[in-house]
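Have the sequence and the 3D view open as you read.

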Amino acid sequence: MSDSKKQKKIGILTAGGDCPGLNAAIRGVGKTAIVEYGMEVLGFNAGYTGLINSDYIELKESKLSGILTLGGTILGTSREKPYKLVKEDGGENDKPEKIIETYENLGLDCVVCIGGNGTMKTANLLSKEGLNVIGIPKTIDNDVWGTDVTFGFDSAVQIATEAMDRLHTTANSHQRVMIIEIMGHHAGWLALYSGVAGGGDIILLPELEYNIRSVCKKIESRYEDNKPYSIVVVAEGIEHPKNKSAASHIAESIQTYTGIETRETVLGYIQRGGSPTPMDRILATRYGSFAAQCIAEGKFGTMVAVKDNDLTTVPLEDVGGKLRLVDKDHPLISKARKMGVSFGDEFL
Ligand code: F6P
């Protein structure tokens with residue numbers, strides 16, 4: 001058999017924080033690779049840890065059935081960063097070497113790395129070592145550079161919005177200020193989208209500097225306008241003292257300055273759990289199937305991406321180490337401002 005006719009063998013891994021849609025993506029890659037291209041598919045356990053330790057399972061087509069709707073990842077995940085030097089290693093690190101060994105010993109033709117920014121950074125470094133690598137962008141944060149959207153985001157927006165709908169009823173009944181903290185250390189996409197969808201009155205994003213006086217003024221003016229309750233959406237990454245959560249900081253400040261009863265809710269990992277929305281199932285399936293096609297076409301060293309709703313690829317080299325943040329003049333921000341939503345920066 002000539003080399004091009006030889007059955008291709010590929011590996012898939014999921015790394016970084018989990019999110020809804022990971023199994024849909026694994027299924028998209030695996031089924032297309034098996035059904036359309038006759039490839040053999042392995043799944044590495046617990047992200048890059050599986051690649052380091054040659055810990056994998058065979059992903060036969062039967063193993064890929066019935067997982068489309070499942071949250072989490074059947075392969076498990078970890079925050080393992082194989083290129084990071086830790087003190088205990090005494091400056092030595094043989095993990096990249098071990099990964100190359102696994103790749104060569106198993107006779108892999110490509111590894112598909114499904115993850116966020118950190119995962120793409122590692123994928124790029126492995127590609128530079130000469131491994132065939134393709135990345136698929138996922139994260140509830142929606143902050144992967146080079147693509148318009150990551151899967152996991154839509155599901156998290158849905159969860160956070162539903163939480164805000166529920167908080168509205170209690171805020172209204174008790175005439176309180178309700179603070180809801182949404183995930184996103186650097187990027188405020190999730191807080192912005194769920195904040196607008198959930199009718200937040202004030203939305204604080206890591207990308208926009210806020211002033212607590214602006215926040216309190218907005219709450220007081222709503223009170224004077226016969227709206228004695230408010231929903232304040234805060235991204236976890238807004239500026240706040242290290243010894244408390246962003247939500248507690250804002251809640252304490254509001255209660256102190258306005259005297260209005262204030263409560264806080266930190267949504268936390270609930271945002272990453274459960275079944276993916278139909279939009280995320282479709283996006284993860286499109287990404288996965290396209291990644292398998294890219295393997296067949298030899299488009300290595302790339303991340304699959306969506307630009308203007310079309311699938312494309314971007315070089316991993318361009319993605320690694322960058323973040324896609326919310327632009328201060330994002331159209332959704334200006335629309336929300338025109339409707340009276342405060343971003344806490346009005347009186348800076
Ligand atoms: O990257 C997704 C994310 O959920 C962030 O929004 C959040 O800050 C972080 O992961 C939490 O990470 P970990 O799972 O390591 O606690």
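## Ground rules

Two strands count as paired if DSSP finds at least two bridges between them. Helices (H or I, at least four residues) and strands (E, at least two) are DSSP runs, numbered from the N terminus.

This is a predicted model: local features need pLDDT of at least 70, side-chain atom pairs count only at pLDDT 80 or more, and totals for chains, interfaces and linings use all residues. Residues are numbered from 1 along each chain as its sequence is written, and side-chain values use heavy atoms, with hydrogens and water left out.

## The sheet

Four strands form an open sheet in the order β7-β8-β6-β9, with parallel pairing. At the edges sit β7 (202–204) and β9 (262–266), each pairing on one side only.

Zoom in on β7: three bridges tie it to β8 (residues 230–235), and the two run parallel. Ile202 has Val232 of β8 as its bridge partner.

## Helices across the sheet

Helix α5 (residues 153–174) lies across β6 (177–182), β8 and β9, at about 165° to β6. Helix α6 (residues 189–197) lies across β6, β7 and β8, at about 170° to β7. Contact here means heavy atoms within 4.5 Å; axes are lines fitted to C-alpha atoms, for helices over the stretch in contact, and angles run from 0 to 180 degrees between N-to-C directions.

## Helix α9

Buried residues (under 20% relative accessible area, 1.4 Å probe, protein chains only) of α9 (residues 278–296) include Asp280, Leu283, Tyr287 and Phe290. Just after α9, Gly298 takes a positive phi of about 70°.

Key:
Expected span 1.5 Å × (residues − 1). Buried < 20%, exposed > 50% of the residue type's maximum accessible area, 1.4 Å probe, protein only.
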